[in-house]
Amino acid sequence: MPSHRDPRFIAYKTREARDTAAQRWADHDGHLVVTELWDASHPQDADNRGWAVDGLVAPRQVTVTLHIENVYELYCMVETTATVTIPVPPADEGSDAYDDWAQEHLFAETGTGRTDGDAGYVVRITASTIPDLVGRGFAFGL
């Protein structure tokens with residue numbers, strides 16, 4: 001078994017501690033984290049040295065930067081940006097759950113406080129810890 005000072009891995013006293021750290025890392029960078037478990041019964045060849053994949057941890061949160069165009073009937077358009085950490089969207093972009101996610105987490109970032117007249121909002125994701133989200137656009141009230 002590698003030394004606990006080996007820079008290629010971080011040893012945790014419990015699976016719970018390891019999985020908690022893996023979730024933090026997945027949420028931080030938006031990528032799957034592979035967790036491994038060392039066991040003397042696993043093959044000891046040069047490729048895995050006794051380590052075996054024990055699980056995959058997917059991000060639950062994503063940090064996005066939004067470019068928002070607030071379009072008002074009685075005022076000029078107001079452009080804003082916001083960087084927020086929100087839940088990862090559902091995978092199916094055509095689902096009601098995806099629309100609900102956009103309404104709850106993206107539409108909530110729109111507006112400038114103007115309440116008279118009609119308004120519409122265009123939101124575009126310009127940066128994200130999950131790169132596949134960059135460039136996605138959403139329209140509300142248009």
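The structure holds 7 aromatic pairs, where rings of Phe, Tyr and Trp (its six-membered ring) are paired if their centres lie within 6.5 Å, and planes under 30 degrees apart count as stacked, over 60 as edge-to-face and the rest as tilted. This is a predicted model, in which local features need pLDDT of at least 70 and side-chain atom pairs count only at pLDDT 80 or more, while totals for chains, interfaces and linings use all residues. Residues are numbered from 1 along each chain as its sequence is written, and side-chain values use heavy atoms, with hydrogens and water left out.

**Aromatic residues**

- Tyr72 and Tyr75 form an edge-to-face pair, with 6.2 Å from centre to centre and 85° between the planes.
- Tyr72 counts as buried at 6% relative accessibility, whereas Tyr75 is partly exposed with a relative accessible area of 34%; buried means under 20% relative accessible area, exposed over 50%, and partly exposed in between (1.4 Å probe, protein chains only).
- Both tyrosines belong to one aromatic cluster, which is formed by Tyr72, Tyr75, Phe107, Tyr121 and Phe140.

**Salt bridges**

- A search of the whole structure finds 5 salt bridges, each defined as a side-chain nitrogen of Lys or Arg within 4 Å of a carboxyl oxygen of Asp or Glu.
- Asp54 forms a salt bridge with Arg15, in which the closest N and O atoms are 3.5 Å apart; this pair links distant parts of the chain, with Asp54 in strand 2 (residues 51–57) and Arg15 in helix 1 (residues 15–29), 39 residues apart. Helices (H or I, at least four residues) and strands (E, at least two) are DSSP runs, numbered from the N terminus.
- Asp54 also meets the side chain of Arg18 in a salt bridge of 2.7 Å, N to O; because Arg18 lies in helix 1 and Asp54 in strand 2, the pair ties together parts that are 36 residues apart in sequence.
- Asp54 is partly exposed at 31% relative accessibility, and Arg15 is likewise partly exposed, with a relative accessible area of 45%, whereas Arg18 counts as buried at 12%.
- Arg15, Arg18, Asp19 and Asp54 are linked in a network of salt bridges.
- The side chains of Arg136 and Glu93 meet in a salt bridge of 3.3 Å, N to O; the pair links distant parts of the chain, with Arg136 in the loop between strand 5 (119–128) and strand 6 (137–140) and Glu93 in the loop between strand 4 (78–87) and helix 2, 43 residues apart.
- Glu93 is partly exposed, with a relative accessible area of 45%.

**Surface patches**

- Patches are made of residues with over 30% relative accessible area and no salt bridge, like charges being joined within 9 Å and nonpolar side chains (Val, Leu, Ile, Met, Phe, Trp, Tyr) within 5 Å; accessible areas come from the Shrake-Rupley method with a 1.4 Å probe, and for residues only the protein chains shown count as cover.
- Leu32, Val34, Val53 and Leu56 form a nonpolar patch on the surface, with about 400 Å² of accessible area together; Leu56 is found in strand 2 and is exposed, with a relative accessible area of 56%.
- A negative surface patch is formed by Asp96, Asp99, Asp100 and Glu104, where Asp and Glu count as negative, Lys and Arg count as positive, and His and the chain ends are not counted. The place of a charge is taken as NZ of Lys, CZ of Arg, CG of Asp or CD of Glu.
- Asp99 lies in helix 2 (residues 96–105) and is partly exposed, with a relative accessible area of 44%.
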